[in-house]
Amino acid sequence: MNNPKVSIIIPVYNTEQYLRQCLDSVINQTFKDIEIIVVNDNSTDGSYDIIKEYAKKDDRFIVINLIQTKEQGNARNEGLKIAKGKYITFIDSDDWVRNDFVEVLYNEIERNDLDVVSASQYFYDNLQKQIVDMKVAPAKVLNKCSVENLLIPKVELFIIPVWQKIYRKQFLDDNKITFKLCWHEDDVFLFETLIKTEKIKFIDDKIYFYRINRENSSVYGMNRDFTLFNAFDELKKMLIENDKYEEYKKIYYQYISTRTAIKLASLNLPFSKLISYYNKFKSLYYNEEFVNNFSIAKLTVMMKMVMILFYLCLKFNMNYIVIGKFCRKIKRIIKRQS
């Protein structure tokens, strides 16, 4: 039997409420030459029973049942180890995809002999129960961006996730690109992908549905600790190992500072925990090298203002959380009065 053209890897941990919608969207793909690798990461709800039910009906399923929880990055790696497809794509088990998701990505990467193709996505607000079409940069803009521009975190450049993309497996294997972390694993994976290929293309097709505001999701879990800082450390390690650190040093420090500032504005944490998060960043990363390489180049005007405030707070030992909250309050007052 010939190997499938595309391997779809789906890590699953306690998503029984959403899993059927995800798996239905996969088995009903218009592109049929696929293998569906589902990695049950020691779920404690009914997820594994649902996976077995689907696997009995469709022989394209390959089920990996982990008896100890390895968490999302490692679960994806388990799928990568056995994937036989020429191309790899990832789907999270609480999301779903359009029925031509694989076909669109496969045709684009195969026709143009690429290493990576990245599509766009809709957001599904799980609290409001509605699809949100958030504004993102169009493909014509992204395809003209330098690697440095692509690696600067911006809301409109929502390209960090691994799940709206398709990858040439040979490219991943040749460059030993795997998930280095359990959480925030997308950051390092994206960085490593972008610095190791120029054969990447962005397309505007919104073929992925990303569920947001889901209680008990991995994002909620990450609010409780400092896993983002693990990603920063692993990112620096990866750049050093690939002799890219000097070349990307300024980008690295811009990346970790803007990523942290954005995270602090979105974390669902008590005020005291936000202060701890900010202080942890300062103790780990604010040093002479940070000062020498800090940059606001290529940021939007609003983000430049945010980062200047962030830097000044670090430099003069001011509490960014308190001052940032005050500035946002003043901004809302001015907006209401204008």
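Helix α11 is largely enclosed by the rest of the structure in this predicted model, since 16 of its 22 residues are buried. The helix spans residues 245-266 and is bent by about 35° at I251.

Because angles over 145 degrees count as roughly antiparallel, α8 is classed as roughly antiparallel to α11. The crossing of α8 past α11 is right-handed. On the side of α8, the contact is made by D187, F191 and I195; on the side of α11, Y248, I251, Y255 and R259 take part. By class, the contact residues comprise 5 nonpolar and 2 charged, with no polar residue.

A second pair of helices is formed by α10 (residues 227-241) and α12 (residues 271-285). Their axes come within 11 Å and cross at roughly 20°. With angles under 35 degrees counted as roughly parallel, α10 is therefore roughly parallel to α12. Here too the crossing is right-handed. From α10, the residues L228, F229, F232 and D233 meet Y277, K280, F281, L284 and Y285 of α12. This contact holds 7 nonpolar and 2 charged residues, and no polar ones.

Two individual residues were also examined. C22 lies in helix α1, which covers residues 16-27. With a relative accessible area of 0%, C22 is buried. Beyond its neighbours within four places in sequence, C22 is in contact with I10 and with I91, D92, S93, D95 and W96. The C-alpha atom of C22 is also separated by 7.3 Å from that of V97, although the two residues are 75 residues apart along the chain.

K169 is located in helix α7, which comprises residues 169-174. The relative accessibility of K169 is 15%; because the limit for a buried residue is under 20%, K169 counts as buried. When residues up to four places away in sequence are not counted, K169 touches L80, A83, G85, K86, Y87 and I88.

Methods: Residues are numbered from 1 along each chain as its sequence is written. This is a predicted model: local features need pLDDT of at least 70, side-chain atom pairs count only at pLDDT 80 or more; totals for chains, interfaces and linings use all residues. Side-chain values use heavy atoms; hydrogens and water are left out. Axes are lines fitted to C-alpha atoms, for helices over the stretch in contact, and angles run from 0 to 180 degrees between N-to-C directions. Helices (H or I, at least four residues) and strands (E, at least two) are DSSP runs, numbered from the N terminus. Angles under 35 degrees count as roughly parallel, over 145 as roughly antiparallel, 65 to 115 as roughly perpendicular and the rest as oblique. A crossing is left-handed if the near helix is turned anticlockwise from the far one by less than a right angle, and right-handed if clockwise. Contact means heavy atoms within 4.5 Å. Ala, Val, Leu, Ile, Met, Phe, Trp, Tyr, Cys and Pro count as nonpolar, Asp, Glu, Lys and Arg as charged, and the others, Gly among them, as polar. The bend at a residue is the angle between axes fitted to the seven residues ending there and the seven starting there. Buried means under 20% relative accessible area, exposed over 50%, partly exposed in between (1.4 Å probe, protein chains only).
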